[in-house]
Amino acid sequence: MSGSSPRLTLHCLDQGMTSVAGLFEQAMEGLAPLENPQLTVICTDLVAKGVSAAVWQRNVQDPDFLAEHAAYYAKWSFKVPRFCHRLHFFATEPCADDVLEALAGWSESADAYLGFVTLRPVTQRPVGATFLRRPHVSEQRYVHAHDRFPVHLAGYRFDVEATPFMRQDNAVGACAQAAVWMGLRTLRWREGRSALNPAQITSTATRYVVNGRTLPNRQGLRLDQITEVIRFAGYSPHLIELRSSESIKKEPFAGQQEAEVYRQLYPYVESGIPVILALLAPGGGHAVLIIGHQWCGEALPPEPQCFAKNRQGIEFVDASAWVRPFVIHNDNSGPYLPLPSQSVANAYALQQAAWAIPLLSADILVDAEEAQTACLHLATQCFGQDLFQWPRRVVTRTRLMMRSRFREERLESAETEALRRYYQAKWLPSYLWTTEFYDVSGYVDAPCKSATKLAEVLLEPNADSKDGHFLAAVAQTTLLPTDVTTPLVFDREPFAGEVKAFLVG
């Protein structure tokens, strides 16, 4: 310990597991942190990020644990403390021995703060609300379901781009409550809705349907209870059946079946939408939260199967063929972990997935499957003539994007200046579905934006996709005859429905 105040103490760390684990052990009053799998993963992650120092904040009034305490622990005769410890981590050494001066120095650097871990005064499950910086894309882990969260400490503000994590405490909630909490808390600022604490999640889920006991809620939640919580929180519950319980028990998970599961979930994951995944494992049901994916570097299988073919014989391959595995928050294991496709030694894996529940906004009336089908149909309608130079195999990448993010991404892209101005000026809804079409050759580098883009279709997410209420279809010059040097646009006037075709140049 280098410097202290009554509630804040400064701790210098030597960037090794022993040093970081020792601080957790001290904060947990002698409990061995490395016997806790979540803290083992957290310590490993912090060491990999180059943690150099920590600030230990005592007597934290964590709102989630205060709600749990009022609902459950306050009824005990044995006194359970109401307040928590919180450890804040930094990637650079402190500029002074005094904790307040050190915080002042760190507040000047945008990259110093790594996030925090809340330790509840509960012996068996101490890991509470945890906000740790998401992995960098250089690690080939693309965490899309995240947000930038402000953290205030001693009058200084620190920001951390993170996906919230929490372990179930098995008193007011099990794994399902933890997964729901992580998903709702991730979307809290982006969607402008209140996030429920674990006690509220349990009470909301059990208003109409009770499975076992309400408190302590150790048996977890059923699918209908999870969807009830999601609806109450202001989202549209969307149940996707991935595999039946019989197929999970008996059928192998490989080839086309595996590819289809990745294809169904990839648009939501790539869109930054948290996806609750219900697993049927040998030891019982479990719920995790998909928040991103890793990148293979090569398609799996090497010649990925097409999911659609048009009249010209062009084969369409989904971008999910390059995605393995998904990245999850698993309250049983830790944050930012890979979810393997195949189970080894009864570990949790995608092959055990029975249902998926993406946390879609209530305003989104077109799901990913409908959007991809509609965009593919519109691209064929607009660019299906022989004059368009489609390659034999084409990659499709479907995403739901906020209008602001869509425009920002296009302004940062290699689009022509005229096409960027078109996107800037065109009326767009607050959200839109977009399907991008790429040449399969070279798509291995798509996350680095070096693939050859052929076309793009924009679709309204709150209109009937079968009626063709698209926003625009754009053909890049790579798809057009060699004498055409500017993109071709089919533009739909959003209010009158009139469609016009013109070159943007």
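A crossing of two helices is right-handed if the near helix is turned clockwise from the far one by less than a right angle. In this predicted model, α5 passes α6 in such a right-handed crossing, and the crossing of α1 and α2 is right-handed as well.

**Helices α5 and α6**

- Helix α5 spans residues 175–191 and helix α6 spans residues 198–205; the two pack at an angle of about 115°, with their axes 9 Å apart.
- Because angles of 65 to 115 degrees count as roughly perpendicular, α5 is roughly perpendicular to α6.
- On the α5 side the contact involves Gln177, Val180 and Trp181, which meet Pro198, Ile201 and Thr202 of α6.
- Sorted by class, the residues of this contact between α5 and α6 are four nonpolar, two polar and no charged.

**Helices α1 and α2**

- Helix α1 (residues 17–27) packs against helix α2 (residues 37–48) at an angle of about 130°, and their axes are 9 Å apart.
- This angle makes α1 oblique to α2.
- From α1, the residues in contact are Met17, Val20, Ala21 and Phe24.
- From α2, they are Leu39, Thr40, Ile42, Cys43, Thr44, Leu46 and Val47.
- The contact of α1 with α2 holds nine nonpolar residues, two polar ones and no charged ones.

**Aromatic rings**

- The model has 21 aromatic pairs, with ring centres within 6.5 Å as the criterion.
- Phe90, Trp106, Tyr113 and Phe158 are joined into a cluster by ring pairs.
- The charged end of arginine 188 sits over the ring of tryptophan 189, at 5.0 Å from the ring's centre.
- Tyrosine 262 has arginine 324 over its face, at 3.8 Å from the ring centre.

**Backbone features**

- Most residues other than glycine have a negative phi, and most peptide bonds are trans.
- Asparagine 59, which is not a glycine, has a positive phi of about 55°.
- Asparagine 59 belongs to strand β3, which covers residues 53–60.
- The peptide bond from arginine 324 to proline 325 is cis, and its omega is near -15°.
- Proline 325 lies in strand β16, residues 323–330.

Note on methods. Residues numbered from 1 in each chain as written. Predicted model: local features only at pLDDT ≥ 70, side-chain atom pairs only at ≥ 80, totals over all residues. Heavy atoms only, no water. Axes fitted to C-alpha atoms, helices over the stretch in contact; angles between N-to-C directions. Helix = DSSP H or I, 4+ residues; strand = E, 2+ residues; numbered from the N terminus. Parallel < 35°, antiparallel > 145°, perpendicular 65-115°, else oblique. Contact = heavy atoms within 4.5 Å. Nonpolar A, V, L, I, M, F, W, Y, C, P; charged D, E, K, R; others polar. Phe/Tyr/Trp six-rings, centres within 6.5 Å; stacked < 30°, edge-to-face > 60°. Lys NZ or Arg CZ within 6 Å of the ring centre and 35° of its normal.
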